Structure formats: structure tokens, C-alpha cells
Amino acid sequence: MKYLLLFVLTCCLVHRATAQSPTGDWYGLLDAMGTELAIVLHISKYEDGTLAGTFDSLDQNAYGIDMDRISLDGNQLSWSSDMLQAEYTGTLSELGLRGEFSQAGFDFPLVFSRTPLTRTGLAARPQDPQDFPYEQIPVSFV
């Protein structure tokens, strides 16, 4: 019985540790004074354990914006971009990344998850078009 309990606790701790890894892609919608902006974070880890990252603002067609400083202290993830004079501080959990985005003296709540955005136009896949500006007629050949 002790071994079963130890096994279950170990599995929970391993799951919790892997759920809190900041590396990978994160998706969020920033509501900046009534304007929704789709943001995607791309975070990676070097062999020495330091973090690096870029982010994209899909609605503004801005891709590969550098995160000049990025750090993880416990479950607090922080990053900043000198180019945009912006910073983000959030808490990492099994549910995602929840925090505040600050730019030009304004603070906006910003929540990220691992699930790609599905808002109209964001997750459109060219191989799965939905509506066309012309009539479609099925045709087959023998």
C-alpha cells in the first residue's frame, strides 16, 4: 500500500513539473481598450537552462518580435521587449499562463493557453477553406 501511494504521488509530482514547463507555443487574446489582438509566444530553453523567446502579434502582422529578457522564478514567468517597451508577468499553472501585459503605462490582463486560437481568421487553414467568392459545382470524370 505504501508503494502504491508513493507511486501515485510521484506521478502527480512529475505531471505537475511537466505541466509547468514554459517552453513551447502559447496562445492568447489581448484586449487592449476594446481591440482584440491575437498573441503567440514561442519560448525555448538553451542547454544551459536559460530561456529565450519571440512572440507574434497576428492581427498586426508582426512576427518574430524578440523577448530581450525572459525569466522563470518558481512559477512566475516574466519577459520584456525593448523594441515595444512592453513587459509581461504571469503565473504558470496546469491551466495555462495568467498575468498582466504592460505597455505605454497601461496594464492589460492577458491569459495564454497551449490551445491554438480558433477565432475567425486566426486558425484558418488554407487546406480547409470554408467560403469562396464563387459558386462551387461538383464535377467527376470517368
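1. **Ground rules.** This is a predicted model, in which local features need pLDDT of at least 70, side-chain atom pairs count only at pLDDT 80 or more, and totals for chains, interfaces and linings use all residues. Residues are numbered from 1 along each chain as its sequence is written, and side-chain values use heavy atoms, with hydrogens and water left out.

2. **The overall layout.** Starting at the N terminus, the order of elements is α-β-β-β-β-β-β-β-β-β. Of the 142 residues, 28% count as buried, where buried means under 20% relative accessible area, exposed over 50%, and partly exposed in between (1.4 Å probe, protein chains only). Among contacts in the chain with a separation of 6 or more, 32% join residues 24 or more positions apart; a contact means heavy atoms within 4.5 Å.

3. **The nonpolar core.** A nonpolar core is a set of buried Ala, Val, Leu, Ile, Met, Phe, Trp, Tyr and Cys residues joined through side-chain atoms within 4.5 Å. The largest one here has 22 residues, and Leu30, Leu41, Ile43, Trp79, Leu97, Phe101 and Phe112 touch the most other members. At least two residues each come from strands E1 (24–32), E2 (35–45), E3, E6, E7 (86–93), E8 (96–103) and E9. E2 gives the most to this core, with four residues. In soluble globular proteins, nonpolar side chains tend to be buried together.

4. **Aromatic rings.** There are five aromatic pairs in the structure. Rings of Phe, Tyr and Trp (its six-membered ring) pair if their centres lie within 6.5 Å; planes under 30 degrees apart count as stacked, over 60 as edge-to-face and the rest as tilted. The Phe55 and Trp79 pair is tilted, because the ring centres are 4.8 Å apart and the planes stand at 40°. This pair links distant parts of the chain, with Phe55 in strand E3 (residues 51–57) and Trp79 in strand E6, 24 residues apart. Phe55 is buried at 3% relative accessibility, and Trp79 is buried at 3% too. Trp79 also forms a stacked pair with Tyr88, at 5.9 Å centre to centre and 25° between the planes. One aromatic cluster takes in Phe55, Trp79, Tyr88, Phe101 and Phe112.

5. **Two residues worth a look.** Leu51 lies in strand E3 and is buried, with a relative accessible area of 15%. Leaving out residues up to four places away in sequence, Leu51 touches a set including Pro22, Ile43, Ile70, Leu72 and Leu77. Leu51 and Leu72 are 21 residues apart in sequence, with 8.1 Å from C-alpha to C-alpha. Ser80, in strand E6 (residues 76–81), counts as buried at 9% relative accessibility.

6. **The surface.** Ile137, Val139 and Phe141 form a nonpolar surface patch with about 410 Å² of accessible area together. A salt bridge is a side-chain nitrogen of Lys or Arg within 4 Å of a carboxyl oxygen of Asp or Glu. Phe141 is exposed, at a relative accessible area of 78%.

Methods: Patch = residues over 30% accessible without salt bridge, like charges linked within 9 Å, V, L, I, M, F, W, Y side chains within 5 Å. Areas by Shrake-Rupley, 256 points an atom, 1.4 Å probe, with all protein chains shown as cover.
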